[in-house]
Amino acid sequence: MEKLTSQYQTSVFFDELIDNKGTPRSPAKQLLGYLDSLSEDELEKRRLAAEATIQEMGISFTVYTEEGNIDRAWPFDIVPRTIEASDWKVAEAGLKQRLKALNLFINDLYHDQNVIKDGIIPEHIIKDSKNFRPECVGVSPAYGVWAHICGTDLVRDENGDFFVLEDNLRVPSGVSYMLENRAITKRVLPEMFENESILPVDSYTSQLFDTLAALSPRDIENPEIVVLTPGIYNSAYFEHAFLAQQMGAELVEGSDLFVDSDDCVYMKTIDGPERVDVIYRRIDDLFIDPEAFDPESVLGVAGLIRAWRAGNVALANAPGAGVADDKVVYAYVPDIIRYFLKEEPILKNVETFLCDDPEQRAYVLENLDKLVVKPANESGGYGMLVGPHSTKKDQALFAELITKNPRNYIAQPTLKLSTAPTLISKGVLEPRHLDLRPFILQAKDTYVTTGGLTRVAMKKGSLVVNSSQGGGSKDTWIVETKGQ
């Protein structure tokens, strides 16, 4: 058989494993050499083994459709993505810097609002933010941290440089799939872990437990930590159950908890009520407490915000953290870093046009066919216009939406997202675009995952990597090469 990688045609984009001369990049040399040593049949056997492992482990996600909810097996590519450890150290430092600044920013917004008074961000941007919560004004969470778990989406450009695409500070998901991707890869490519210096990822759940435990309002040896889920029909329920099980925490729904007259949260157990210290909540702000937010919600716990404001329970992430999740606020993050930390940003933002600004809006409306337009607070790849792949009808619709509500939209150039070899059929590797979602934890200490969740646009030429939109995933290897 002709070597697998010799057939590979790199694209005009930066390929993370193979350069434009067809030579494996340093962290990918051993991996690609190993893949070339396998026959076409053997490689197909490994791919089928990965599929069987996914079925056996029950790794799934839910897609919401008009016909109903569909539970799907996790889409996985067996060819890992490799990143040089020295490159990752820079990205890791940038992620820590970014979350530190964002938490200072959120804390300031709910207290003195100096960032507005000093002209760093316009007041109306915050006033019109759908994720600013007046109910949170004056609250001081432990360590001044509001976003304890952040999933920051990174992309690499045509030079291989990392850029931040967006920050996810409400209820970021995907870390369980990062961990499961590694477990699957160890099963199907076990030989690589014997000889390659691949940095481990499996400390995440213990780091998450330590982060949550540090938030406990009671100074006790074993604080009661629970994971609050909307229930089995949520698209990320697999992850909620996985993380609770890995941490040894209770997985609960709103009906399992109650707030008593002492403004403390209790869990119903067969032995009677048990006080809860920390809630890792996987429910959006507006549904966590019908007393404070949506009175129709049956997912949350009445009085939860009252208990939190009284300092009797910790919520991670804190309500109101999503104010920094806004894609309009994203455009101001470099200035936020300079303002709060007196440092230059280590990681750059993607160039962003604010439709709220008349000049920038005019430019966006004239160039809808070239730009990616995003609503300020949607996630999962929904509500976007990808200009080069859009129709005149799509563009006319977005021109109307932008004109009606300019504050709600940003636009960015169509990125030259990096690619990586992806096994798309038996014995065939093709480049596919990808991004990376590392997870950053912050409480008393700050921790960044080794790499993160790599998401892949499985359709040729597509830039949409979300699993809900047909994307897939692969393991992410941070590789220490000789000389580091």
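Author: In this discussion, contact means heavy atoms within 4.5 Å. The structure is a predicted model, in which local features need pLDDT of at least 70 and side-chain atom pairs count only at pLDDT 80 or more, while totals for chains, interfaces and linings use all residues. Residues are numbered from 1 along each chain as its sequence is written, and side-chain values use heavy atoms, with hydrogens and water left out.

Reader: Leaving aside its neighbours within four places in sequence, which residues is S297 in contact with?

Author: S297 belongs to the loop between β11 (278-281) and α10 (304-309). Such elements are DSSP runs numbered from the N terminus, namely helices (H or I, at least four residues) and strands (E, at least two). The relative accessible area of S297 is 10%, so the residue is buried (buried means under 20%, exposed over 50%, partly exposed in between, with a 1.4 Å probe and protein chains only). With its neighbours within four places in sequence left aside, S297 is in contact with F287 and P290.

Reader: Which residue has its backbone oxygen 2.8 Å from a polar atom of the side chain of S297?

Author: A polar contact is a pair of N or O atoms within 3.5 Å; within protein, one must be able to donate a hydrogen and the other to accept it, and residues adjacent in sequence count only if both atoms are side-chain atoms. A polar atom of the S297 side chain lies 3.2 Å from the backbone nitrogen of L299. At 2.8 Å from a polar atom of that side chain is the backbone oxygen of F287.

Reader: How far from D108 is the nearest side chain of opposite charge?

Author: D108 is placed in helix α3 (residues 85-109), and its contacts beyond four places in sequence are Q113, N114, V115 and F340. Lys and Arg count as positive and Asp and Glu as negative, with His and the chain ends not counted; a salt bridge is a side-chain nitrogen of Lys or Arg within 4 Å of a carboxyl oxygen of Asp or Glu. Although buried, D108 has no salt bridge, and the nearest side chain of opposite charge, that of K117, is at a distance of 7.3 Å.

Reader: How many residues apart in the chain are D77 and K474?

Author: A search of the whole structure finds 30 salt bridges, and one of them joins D77 to K474 with the closest N and O atoms 2.8 Å apart. D77 is in strand β3 (residues 76-84) and K474 is in strand β23 (residues 472-479), so that the pair links distant parts of the chain. D77 is buried at a relative accessible area of 3%, and K474 is buried at 0%.

Reader: Which residue forms a salt bridge with D285?

Author: D285 is buried, at 6% relative accessibility. The closest N and O atoms of the pair are 3.0 Å apart, and the partner of D285 is R133.

Reader: Is the ring pair of Y110 and W146 stacked or edge-to-face?

Author: Rings of Phe, Tyr and Trp (its six-membered ring) pair if their centres lie within 6.5 Å; planes under 30 degrees apart count as stacked, over 60 as edge-to-face and the rest as tilted. A search of the whole structure finds 13 aromatic pairs. The centres of the Y110 and W146 rings are 4.7 Å apart and their planes are at 25°, so the pair is stacked.

Reader: Which residues do ring pairs link into a cluster?

Author: Y110 is buried at 0% relative accessible area, and W146 is buried at 0% relative accessibility. The cluster linked by ring pairs consists of Y110, F132, W146 and W308.
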